[in-house]
Each structure stands twice: as C-alpha cells, then as structure tokens.
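Student: Could you walk me through the charged pairs in this model? I'd like to know how each label is decided as we go.

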Amino acid sequence: MAAENKPESVRAREDRGAARDGLAANQALWDDLAEIHGTDPGDRSYDVQAFLAGGQTLRGIERELAGNVAGRDLLHLQCHFGMDTLNWARLGARVTGVDFSSKAIARARTLAEQAGLAAEFVEADTQRLPDSLADRFDLVVATYGVLSWIGDLGAWMGGAATALRPGGRLVLVDLHPVFQTVLTFAPFVADWPYGGGTPQHDAMAGTYAHAEAFSEPKRSTQYPYSVGEVVTAAASAGLIVERLGEHTETETDGRHILPQGPDGLYRFPFSDTYLPILYSLTAVLPSAPAARQTPRGDSQL
C-alpha cells in the first residue's frame, strides 16, 4: 500500500515504530562511543588525562553566554561521559548531567569520582526528561552535536523549559545547519538537507573523535533542523529568545574538515567571506507561570 493511501492511524503507528527503531539504534551507537571516546592516545576530541590534570574543555562561546555559574544549578543535556559537565562544576556550578546512554552515565560517575567533583548524572532520553528534574535549574546547557540526534524537537525544547525555574535560561550552542550540509570541504561536497527534520539514516564506521572507530559500521538516525525551526521550537515551548548568534570562527573543528588559520581558529571560506560554523541561542523562561508551554513527545515511543 502506498504511503499516501494508508490511513492516518497506520501511518502514525509506522512513524512511532520508526522513531523507536532510530532511538534504539542511536542508543546502541552511543553506548559503544562511550566505551571508546577518551580511551585512545589518538583521540581527536577527548583528552581525559588533561581534564583530570585540571584542563578546561569548555569553549569561550558557552562560557560567555552562561556567565558566572558559581552557586547556580545547571543542567547539562546530552552530557556524554561528563567532561564538560564536570568542567561546569569546576567553575562553581551545582551540576546535573543527562544522557540516554547507560554506559556514558556510568563513565561520567566514575570520572566525577576520579576528579573529586560533585555531580549528579541521570540516565534519560532528553526528549522525555523525568519529572524529578522539573523546576530545578537556573541554567540548561546543551552544546555541539546536540539537536541532530533529536527526533522530536518540540519535546526537547519543552523538556528544557520544564527543567528551568521561572527566570532561568537555556544556553544552546550547536553546529550551524549550513555547516552540517557539508560532507567534505576540499573537495567541496554537500550531501545533507538544510532543515525539515526528516530522518537521515546512515552507517557509521568512524566518529568525530576516531576516524575508524568500528570494524563494522554502526547504524544511526539523525535529523536536520534549520535555524528557524530551532527558534520556533524554543518559542513554542514558552521560552523568550534573548539572543541568536551565527559564528564564522571556532577554536576547534569537531568535524575535522575545515582549514585552520594562522591565528589558530577554524573558518569556513566561501568566496571572499566566511559561512557560519556554529549558532548559539539563549532563551529565558518568563517569570509568569502562565506563559509556560511544555510540548511533550509521544509517550508511546
């Protein structure tokens, strides 16, 4: 039966089933990555020993947008195995990290013990945050390679809004959708949609941290969102967008495809200018409770 001829209820069940399959595949992938990242001297993204020696992993953008976090309650969404979460703790925040990978959460708790830092780590899908996190935080932070793994953008934004206290702020820094469309820079190849949220299925043999992470490719599902879709989702969740930035230079190229300039920064050359690599968004939850809206994901997923 052609998709357009199927009853809406049948299409909805199929969509839910596809979403469950995509989430399960992504969890399995990130369980594997949690065991690999930061364990090899050739790792391009995670230097655990430097972190344990006091090294700072946070970049200037998120630190500037978050401001002084000392004494504040901070929720880090999609925290992986916790290095950035714990760096926020080093800056004085009371931190909670959330990730859907049980292996990542186990590693994060071990890393916190090794570093002697206080932190709470919660295993949960960020599209369905537990009620225990509601109204607890001054800041919700999510950075780098975040929303492309989220099938329900509205549920993610709704969860972030629910976790905030009135007057609390969301700080989001992620890869710019323009940059995400690019597979390679030299030669220039673009093979990824700009927005729309349609699931993109892939088989990954390498990751941003390890060029050849797996002997057998691992299935994954990712979702492209435009900047407009991200801002709209934030507004629909009851958040007031304070600032939207598009950044043409970065301290590190997590995808390892851009040229590095003489000043040590990475840029995305385009004609005689540069295209954005990252975007940043800060949004506040209004103090009036009636302004809050919290779209939730389908509970059947």
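Tutor: Happy to. Buried means under 20% relative accessible area, exposed means over 50%, and partly exposed lies in between (1.4 Å probe, protein chains only). This is a predicted model, where local features need pLDDT of at least 70, side-chain atom pairs count only at pLDDT 80 or more, and totals for chains, interfaces and linings use all residues. Residues are numbered from 1 along each chain as its sequence is written, and side-chain values use heavy atoms, with hydrogens and water left out.

Student: How many salt bridges does a search of the whole structure find?

Tutor: A salt bridge is a side-chain nitrogen of Lys or Arg within 4 Å of a carboxyl oxygen of Asp or Glu. Searching the whole structure on that basis, the number of salt bridges is 11.

Student: Is R94 buried, exposed or partly exposed?

Tutor: R94 forms a salt bridge with D73, their closest N and O atoms being 2.7 Å apart. D73 has 14% relative accessibility, so D73 counts as buried. The relative accessible area of R94 is 45%, so R94 is partly exposed.

Student: Which residue forms a salt bridge with R136?

Tutor: At 27% relative accessibility, R136 is partly exposed. The closest N and O atoms of the pair are 3.0 Å apart. The partner of R136 is E120.

Student: Is D125 buried or exposed?

Tutor: D125 meets R128 in a salt bridge, at 2.7 Å from N to O. R128 is partly exposed, at 26% relative accessibility. With a relative accessibility of 14%, D125 counts as buried.
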